[in-house]
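Subject: Structure handover

Hello,

Please find below the structure I said I would pass on. My notes on what was found in it follow.

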Amino acid sequence: MSAYLHYRAGPGILEMIRDEGLDPTRIRVFVGPAGGPKWFVSVGFDRALISAGLLGRSAGRVILAGASAGAWRCITMACREPLEAHEKLRVAYSRNIFTAADTPITVGRALAQNVEDFLSPQDGEFIVNHPMFDLAVHTVRGHGPGASENQKIQGVALIAGALLNVLSPSGVERFFKRVVFFSGPEKPRFLNSSFRGEAVKLSARNIQKAALATGSLPYVVAGVQNISEAPAGVYRDGGLTDYQLNQDYCPGDGGLTLFFHYQERIIPGWFDKPLKWRTPPRATLTNVLQVYPGPDFIKLLPDRRLPDRNDFKKFVNDPVERIRRWDEISETSEVLGETFINDVESGRIRNLVQPL
């Protein structure tokens with residue numbers, strides 16, 4: 001395998017990649033996982049994708065799908081000036097400073113400003129009429145205790161959701177129902193009759209609120225109330241149901257889903273994090289090419305670890321040091337983008353890809 005990147009392909013595309021390499025015209029979907037600040041290791045990969053125009057070479061329209069920070073990455077890729085929007089997102093997110101005095105309301109205001117920083121009304125209009133890309137922004141709509149803004153009641157919903165999830169992932173729907181905001185001339189095929197949840201068309205009127213909702217983690221961030229053109233209710237972080245990869249985005253049509261991840265393990269929903277046995281449904285991975293950094297890359301990072309949301313607490317008295325580290329991680333990640341493009345264009349990926 002590459003010193004810095006590992007490649008794993010589902011059974012529907014493994015032999016194709018081993019025979020042909022990665023043909024960019026076959027990429028039908030790009031997925032960005034949730035995971036808070038861990039997304040900074042993907043900065044170099046995203047920049048390389050954008051600069052090389054790799055996703056724009058597809059034979060058809062490309063779905064950009066994700067939740068939370070993964071959805072924000074996808075949104076920037078669909079902006080009129082994607083590199084500029086992506087950098088605005090990186091700077092806005094990394095420069096957030098929170099203290100013990102912050103509340104879900106003040107954190108929500110900060111994230112709303114982040115969204116405004118990288119997603120202008122003009123870009124919103126451009127995205128919903130994009131000539132090549134369709135968005136699939138995952139959110140959830142709260143039900144019962146899951147709709148409350150009282151933290152104690154929210155805590156009840158989270159604990160109950162976690163317990164029900166042990167028995168079945170569908171148990172989470174008692175409190176948090178999946179809602180996907182999509183763009184494009186047609187509804188994406190994964191939102192078919194077997195899809196568990198609701199689908200709402202993105203528009204220039206609701207895209208900013210949908211973007212804010214997908215990153216509004218319960219208990220930490222206030223929910224987003226009554227999004228235009230969507231069912232009335234409180235909308236929250238879509239990672240609760242679609243944390244990393246939990247949908248069959250790309251049915252067997254000769255295409256594939258490109259999934260850059262920050263780790264090897266793929267966790268379907270947020271409540272599945274402690275459930276080591278819980279994996280995505282088999283069909284979800286059939287046509288997926290997973291790309292993730294290996295141990296050699298992780299050794300290059302500060303403290304030899306991925307950044308995470310706990311960094312806000314760890315460096316609460318020294319936010320300058322936290323920001324410096326996150327900037328360093330972003331710059332270090334450039335090697336991942338360079339490695340990926342080189343492995344694809346040279347054809348080396350044929351010899352590096354392993355079964356998923």
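S330 is a reasonable place to begin: this residue is buried, with a relative accessible area of 0%. Please keep in mind throughout that the model is predicted. S330 belongs to helix α12, which covers residues 319-332. Leaving out residues up to four places away in sequence, S330 touches F40, V43, G44, R47 and R90.

The structure holds 17 aromatic pairs. One of them joins F190 and Y249, with 4.8 Å from centre to centre and 70 degrees between the planes, an edge-to-face arrangement. F190 is buried at a relative accessible area of 6%, and Y249 counts as buried at 6% relative accessibility. Elsewhere, ring pairs link F40 with W39, W72, Y93, F98, F118, F312 and W326 into a cluster.

The loop between β8 and β9 also holds Q244. This residue is buried, with a relative accessible area of 4%. Setting aside neighbours within four places in sequence, Q244 is in contact with V31, P33, A34, F259, H261, Y262, Q263, R265, I266, I267 and P268. For another reference point, K276 is 32 residues from Q244 in sequence, and their C-alpha atoms are 14 Å apart in space.

Next, the helices. Two packed helices are described by the angle between their axes and the distance between the axes. Helix α4 (residues 82-94) packs with helix α5 (residues 104-118) at an angle of about 160 degrees, and their axes are 8 Å apart. Because angles over 145 degrees count as roughly antiparallel, α4 is roughly antiparallel to α5. The crossing of α4 past α5 is right-handed. On the α4 side the contact is made by A85, K88, L89, A92 and Y93, and on the α5 side by N114, D117 and F118. By type, the residues of this contact divide into 5 nonpolar, 1 polar and 2 charged. Y93 and F118 from this contact are also members of the aromatic cluster.

Helix α6 spans residues 121-128, and its buried residues are D123, G124, F126, I127 and V128. What covers them includes α5, along with α3 (69-77), β4 (133-142) and α8 (207-214).

S68 is not a glycine, yet has a positive phi of about 55 degrees. S68 is in the loop between β3 (62-67) and α3, and at 7% relative accessibility counts as buried. Y219 is not a glycine either and has a positive phi of about 75 degrees. Y219 lies in the loop between α8 and β7 (224-225).

Regards

Conventions
Residues numbered from 1 in each chain as written. Predicted model: local features only at pLDDT ≥ 70, side-chain atom pairs only at ≥ 80, totals over all residues. Heavy atoms only, no water. Axes fitted to C-alpha atoms, helices over the stretch in contact; angles between N-to-C directions. Helix = DSSP H or I, 4+ residues; strand = E, 2+ residues; numbered from the N terminus. Parallel < 35°, antiparallel > 145°, perpendicular 65-115°, else oblique. Left-handed = near helix turned anticlockwise from the far one by under 90°. Contact = heavy atoms within 4.5 Å. Nonpolar A, V, L, I, M, F, W, Y, C, P; charged D, E, K, R; others polar. Phe/Tyr/Trp six-rings, centres within 6.5 Å; stacked < 30°, edge-to-face > 60°. Buried < 20%, exposed > 50% of the residue type's maximum accessible area, 1.4 Å probe, protein only.
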